[in-house]
Amino acid sequence: MKELFSKIMKGFEGYPIGKTLKYLRDPEIISFAGGLPSSDTFPMEFIQEVVERSLRENGAKVLQYSPIAGEKDLIEATIEYLKLDGIHIGPENIMITTSGQHGLDLVGRLFLDPEDYIVADLPTFGGALAAFEMQTPRYIARDIREDGPDVLGLKAGIKELVNRGEKPKFIYVIPDYQNPAGITTSLEKRIALLDLAKEYEIPLVEDSPYRELRYTGETIPSIYSLDNNEGHVIGLYTFSKILCPGLRVGFNIGPPEVIRKFTFIKEANILNTPKLNQDICSAFFRGYDLQSHFANACSYYREKLGFFLDALEDNFPEEMGVTWTRPEGGLFLWLTVPEKINTMDLFMKAIEDKVAFVPGEIFFPKKHIRHNSMRINFSYPTKEQILEGVRRLSTVIQKYGS
Ligand SMILES: Cc1ncc(COP(=O)(O)O)c(C=O)c1O
């Protein structure tokens, strides 16, 4: 049957992270590989009450099909919620998605023809690369710096393409605690990215799953808020990291002509987002003590991050040549090892030594792959696992590196 698959699907191998996660079934492995928020932060009792009430009072409706663009109540609650972050939009600017991954898929389907160009950081979120890969895109990509994208390098790449009579379809960035690198984009660079989008009339896609999870420093305005809803930015959000990922609910915001098209695509691919899950999310926005929820989650993750960074200091002496980022929020940090080490090979050795990470190459478009980095999730493992896991990681790097 394979020969009947579409040309694009014949070559499509899915999200490569899945291929590494299959090695993690051994319970003795300490895994820094997942992207899981800690289930200790989930408001279990609150969710249980909302579900019971929703089914009891409104069961027939809750279990029916629901509007494609999303439940009116959740849309209104989200519009109110975004005001707290300086974003002022109307219902024509928002569509509820079935998670952040769905939001990314919609962007790819709306903008990309085969071989189109996307502007992105190196590294960037592997799930976005997988979502866009359906349209076999090409990339204008530059190494991310300590303070965010290499805006000048990206601009030079765009200019070159424009001079050849072509134009990238969008700029994809994750300004807050980027997955995988854990880097925060400075205000200056956010403004410069917006200017770039305006100058070349290329939409800027701002992916924001971690925005509320800041552990140190001051919040920096989102690029969407800097644009004042003037139509240059498409914002992607999800409840996965701020509430829980099992609900699969998120929202895309942007100019009305984009949102309208998103609803047509959603109608054709998944139709609607389960109403029960949307009800949980709108109750969360309306009735939960968000301030303490985020404060608790942040203090929980802040402690884990501090603990992880200390463990790295203690186990990676300078002469090992290993460096890492120091995130201000989010769930990940990025570790770079000496160039002679290929972290995909190292991964197999690490599994034997019962510790796991995500090999960095998964976060690079195929033509731009680097082999000497890894993504580390610091939020999920316990403190004991962090201590032992970092020790194992250091040992395996030393063994392999020599
Ligand atoms: C940058 C980024 N975008 C999107 C997503 C997808 O979110 P979701 O779990 O809601 O599909 C993630 C999840 O890890 C992410 O890190």
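# Exercises on a two-domain model

In this predicted model, the centres of domain 1 and domain 2, taken over C-alpha atoms, are 24 Å apart.

**Exercise 1.** State which residues make up each domain, and describe the side of domain 1 that touches domain 2.

*Solution.* 
- Step 1. Read the bounds. Domain 1 covers 2-42 + 292-401, and domain 2 covers 45-289.
- Step 2. Count the contact. Domain 1 gives 32 residues and domain 2 gives 33 residues.
- Step 3. Find the elements on the domain 1 side. Helix H12 (290-315) and S10 each give two or more residues.
- Step 4. Pick the main contributor. H12 supplies the largest share, eight residues.
- Step 5. Sort this side by class. There are 21 nonpolar, eight polar and three charged residues.

**Exercise 2.** Work out the strand order of the open four-stranded sheet and name its edge strands.

*Solution.* 
- Step 1. Write the order: S9-S10-S13-S12, with antiparallel pairing.
- Step 2. Look for strands that pair on one side only. These are S9 (323-324) and S12 (358-359), the edge strands.
- Step 3. Take the pair S10 (residues 332-336) and S13 (residues 373-377). Five bridges join these antiparallel strands.
- Step 4. Locate one facing pair. Leu335 stands opposite Met374 in S13.

**Exercise 3.** Describe the shell around the ligand: which residues come nearest, and which helix gives the most?

*Solution.* 
- Step 1. Start with the 15 residues around the ligand. Ser99, Gly100, Gln101, Thr238 and Ser240 come nearest.
- Step 2. Assign the helix. H5 (residues 100-111) gives the most, with three residues.
- Step 3. Classify the shell. Nine residues are polar, five are nonpolar and one is charged.

**Exercise 4.** Decide whether Glu201 and Leu271 are buried or exposed.

*Solution.* 
- Step 1. Note the backbone. Phi is positive at Glu201, near 50 degrees, and at Leu271, about 70 degrees.
- Step 2. Glu201 has 8, so Glu201 is exposed.
- Step 3. Leu271 has 11, so Leu271 is exposed.

Note on methods:
Residues numbered from 1 in each chain as written. Predicted model: local features only at pLDDT ≥ 70, side-chain atom pairs only at ≥ 80, totals over all residues. Pairing = 2+ DSSP bridges. Domains from an automatic or database assignment. Contact = placed C-beta atoms within 7 Å. Nonpolar A, V, L, I, M, F, W, Y, C, P; charged D, E, K, R; others polar. Near = placed C-beta within 6 Å. Buried ≥ 20, exposed ≤ 12 C-beta atoms within 10 Å, placed from the backbone.
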